[in-house]
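User: I am new to this structure and would like to learn how to read its features one at a time. Could you take me through them?

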Amino acid sequence: MTDSQDTAQKPTPAFIGASWLALMIGMLTYLIGLFNARMELNEKGYYFTVLVFGLFAAVSLQKTVRDRAEKLPVTNLYYGIAWCAVALALGLLAIGLWNAGSMTLSEKGFYGIGFAMSLFASVAVQKNVRDLARFRGETSEPGGDEDTDAPLYRFQSAPVE
């Protein structure tokens, strides 16, 4: 058997652009709909918080899954929390939309699709950011700091002339 070395693949500009565009479209449509919605401010705050929480949870889950796939250390506790956070964000949106009696079914679908698109796109954007950092050599291998079991990410600055 031969050892295959994992080489960093640079994402294409088209994929990077499409990922960012999908994230912006998903978030903007969700937020514009939320801004124009006829609901109490506390309801708008709830839906905004669910979006922000969902975006963070999706990115965190993608990172932990990828870290495990690359044999980087991830505790089972954090891995489980990441999965629970995504499930909780999806559940909170579903419960909120199910109980939103003042919204039409098309409005509920609008929020659901905007939310799903934003979460999916945030995962793609995070993947691109990580792939680009790895391609440029901005990440280091784990094990540089003995006090932690998490991988360290060091960013190199350009040499000063």
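**Reading the model**

Analyst: Of the 161 residues in the protein chain, 32% count as buried, where buried means under 20% relative accessible area, exposed means over 50% and partly exposed lies in between, with a 1.4 Å probe and protein chains only. This is a predicted model, in which local features need pLDDT of at least 70 and side-chain atom pairs count only at pLDDT 80 or more, while totals for chains, interfaces and linings use all residues. Residues are numbered from 1 along each chain as its sequence is written, and side-chain values use heavy atoms, with hydrogens and water left out.

User: How many helices and strands does the protein chain have?

Analyst: Helices are DSSP runs of H or I with at least four residues, strands are runs of E with at least two, and both are numbered from the N terminus. Here the protein chain has four helices and zero strands, in the order α-α-α-α along the sequence.

User: Which residues of α3 are buried, and what do they pack against?

Analyst: In α3 (76-98), the buried residues are Ala82, Ala85, Val86, Ala89, Leu93, Gly96 and Leu97. They pack against α1 (13-36), α2 and α4 (105-135).

User: Is Ser122 buried or exposed, and which residues is Ser122 in contact with?

Analyst: Ser122, which lies in helix α4, counts as buried because its relative accessibility is 6%. A contact means heavy atoms within 4.5 Å; leaving aside neighbours within four places in sequence, Ser122 is in contact with Leu23, Leu55, Ala58 and Val59.

User: How many aromatic pairs does a search of the whole structure find?

Analyst: A pair of aromatic rings is described by the distance of the centres and the angle of the planes. Rings of Phe, Tyr and Trp (its six-membered ring) pair if their centres lie within 6.5 Å, and planes under 30 degrees apart count as stacked, over 60 as edge-to-face and the rest as tilted. The search finds five aromatic pairs. The rings of Tyr46 and Tyr47 have centres 5.3 Å apart and planes at 80 degrees, so this pair is edge-to-face. Tyr47 and Tyr111 form a stacked pair, with 6.0 Å from centre to centre and 20 degrees between the planes. This second pair links distant parts of the chain, as Tyr47 is in helix α2 and Tyr111 in helix α4, 64 residues apart.

User: Where is Lys71 placed?

Analyst: Lys71 is in the loop between α2 (41-69) and α3, and counts as exposed because its relative accessibility is 73%. The phi of Lys71 is near 65 degrees, a positive value in a residue other than glycine.
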